[in-house]
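Please read the following report alongside the sequence and the three-dimensional structure shown here.

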Amino acid sequence: MGSNGTPGVRAAGLKRTGAGARPAKRRLLVPAAVVVGTLLLTGCSQANKEQWKRLGLPVGASDRTEAMESLWIGAWIAALIVGVLVWGLILWASVRYRKRNDDAPRQTRYNLPLEVLYTLAPFAIIGVLFFYTVEHGNEITHRSNNPAHTINVVGQQWQWTFNYKDTVDGQQGVWETGTLEKPAELWLPMNESVQFDLTSPDVIHSFWVPSFYFKLDVIPGRTNKFELTPTKTGTFAGRCAELCGLYHSRMVFTVKVVTPDEYQAHLRDLAAKGQTGAATGGQDATTIPGHGEQEGEK
């Protein structure tokens, strides 16, 4: 069989066919990758594209979002610049000195300019980040002397009580609370400043509304305060961001930002239900268990 050459010719033909098929497959990979990439990019909604521009942040809904977004994106840009520089130097050294030869620098010698550079550069980076963190932090945590509204937020295991300090129909303050079965709702007026007084009778919680770009711990025995102005009507999610016990994951609430007239109407509805006065929405809502005293009397 070997003398007539038939099997050899057939085998050679198979080899040539296989060798020719591989380049053809490679040529198809590039258009396929382009098509898949195009579909992935065009499949993104406008909302997703905008979120990519904010590097994952949700749509902002308060007057503190601009400062926080600027700090967030700036930190990412600084980290990217440092990362690209470090990766570039690593790759350059790996390629430039990939072989041992006379061009490789002696490892026992020091390079004073280089050592000064990598000693001072981190301090310069930290200094710039520290400056902008303090500058934006002061803007984010700024509180005015006379906010339009004050709300006492009580975080307790495992729900929230909101005490509106506004005077409603001659009554000083109204309140509403939530349960595990029916989470609380926090109503806020758009374009009016609100001061939040955060208290807790049991353990540390954390009051967080992602769309407000602000989060603050709720600590037993002390009152933490912050202020912001809602700038967009709508319904936003809120949650506890501090592991506080068994039902921490269910310690959620809803924020409704409405017009000032709708806000006042809601407070009147609470007063009509008899929910007036201090925080009595939940058991031990203002009393630290075991101490028998009001939170804030210490």
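## Backbone exceptions in the loops

In this predicted model, Asn-191 has a relative accessibility of 51% and therefore counts as exposed, the cut-off being over 50%. Asn-191 sits in the loop that links β4 (184–189) to β5, and its phi is positive, at about 65°, although the residue is not a glycine. Most residues other than glycine have a negative phi, and most peptide bonds are trans.

Tyr-213 also has a positive phi, near 55°, and is likewise a residue other than glycine. Tyr-213 belongs to the loop between β6 and β7, but with a relative accessibility of 6% it counts as buried. A further backbone feature is the cis peptide bond that leads from Gln-157 to Trp-158, with omega near 0°; Trp-158 is located in the loop between β1 and β2.

## The chain as a whole

The chain contains 5 helices and 10 strands, and of its 298 residues 28% are buried. When contacts between residues at least 6 apart in sequence are considered, 67% of them join residues at least 24 apart.

## The five-stranded sheet

Which strands make up the open sheet, and in what order? The sheet has 5 strands in the order β3-β2-β1-β5-β8, and the pairing is mixed. The edges are taken by β3 (171–177) and β8 (224–228), each of which has a single partner strand, so that one side of each is left without a neighbour in the sheet. On average, and with direction ignored, neighbouring strands of this sheet are turned by 25° against each other.

Strand β1 (residues 149–156) runs parallel to strand β5 (residues 194–199), and the two are joined by 6 bridges. Within this pairing, Ile-151 is opposite Phe-196 of β5, while Asn-152 has Asp-197 of β5 as its bridge partner. β1 is mostly covered, since 7 of its 8 residues are buried.

## Strand β6 and its partners

Strand β6 (residues 205–209) is largely enclosed by the rest of the structure, because 4 of its 5 residues are buried. Strand β7 (residues 214–218) runs antiparallel to β6 and is joined to it by 5 bridges, with His-205 opposite Val-218 of β7. The hairpin of β6 and β7 has 4 residues between the strands, and it is in this hairpin that Tyr-213 takes its positive phi near 55°.

β6 also pairs with strand β9 (residues 234–240), in the antiparallel sense and over 2 bridges. In that pairing Trp-208 stands opposite Arg-239 of β9.

## The α3 and α4 pair

How do helices α3 and α4 lie relative to each other? The axes of α3 (residues 65–96) and α4 (residues 112–140) come within 9 Å and cross at roughly 170°, and the two helices are therefore roughly antiparallel, a description that applies to angles over 145 degrees. On the side of α3 the contact is made by Ala-67, Met-68, Ser-70, Leu-71, Ala-78 and Val-82, and on the side of α4 by Ile-125, Leu-129, Tyr-132, Thr-133, His-136, Glu-139 and Ile-140. By type, the residues of this contact divide into 9 nonpolar, 3 polar and 1 charged.

## The salt bridge

Side chains of opposite charge can pair when their charged atoms come close. How many salt bridges does a search of the whole structure find? The search finds 1, and a salt bridge is formed between Arg-64 and Asp-63, with the closest N and O atoms 3.2 Å apart. Arg-64 counts as buried because its relative accessibility is 6%, whereas Asp-63, at 35%, counts as partly exposed.

Note on methods
Residues numbered from 1 in each chain as written. Predicted model: local features only at pLDDT ≥ 70, side-chain atom pairs only at ≥ 80, totals over all residues. Heavy atoms only, no water. Axes fitted to C-alpha atoms, helices over the stretch in contact; angles between N-to-C directions. Parallel < 35°, antiparallel > 145°, perpendicular 65-115°, else oblique. Contact = heavy atoms within 4.5 Å. Nonpolar A, V, L, I, M, F, W, Y, C, P; charged D, E, K, R; others polar. Buried < 20%, exposed > 50% of the residue type's maximum accessible area, 1.4 Å probe, protein only. Pairing = 2+ DSSP bridges. Salt bridge = Lys/Arg side-chain N within 4 Å of Asp/Glu carboxyl O.
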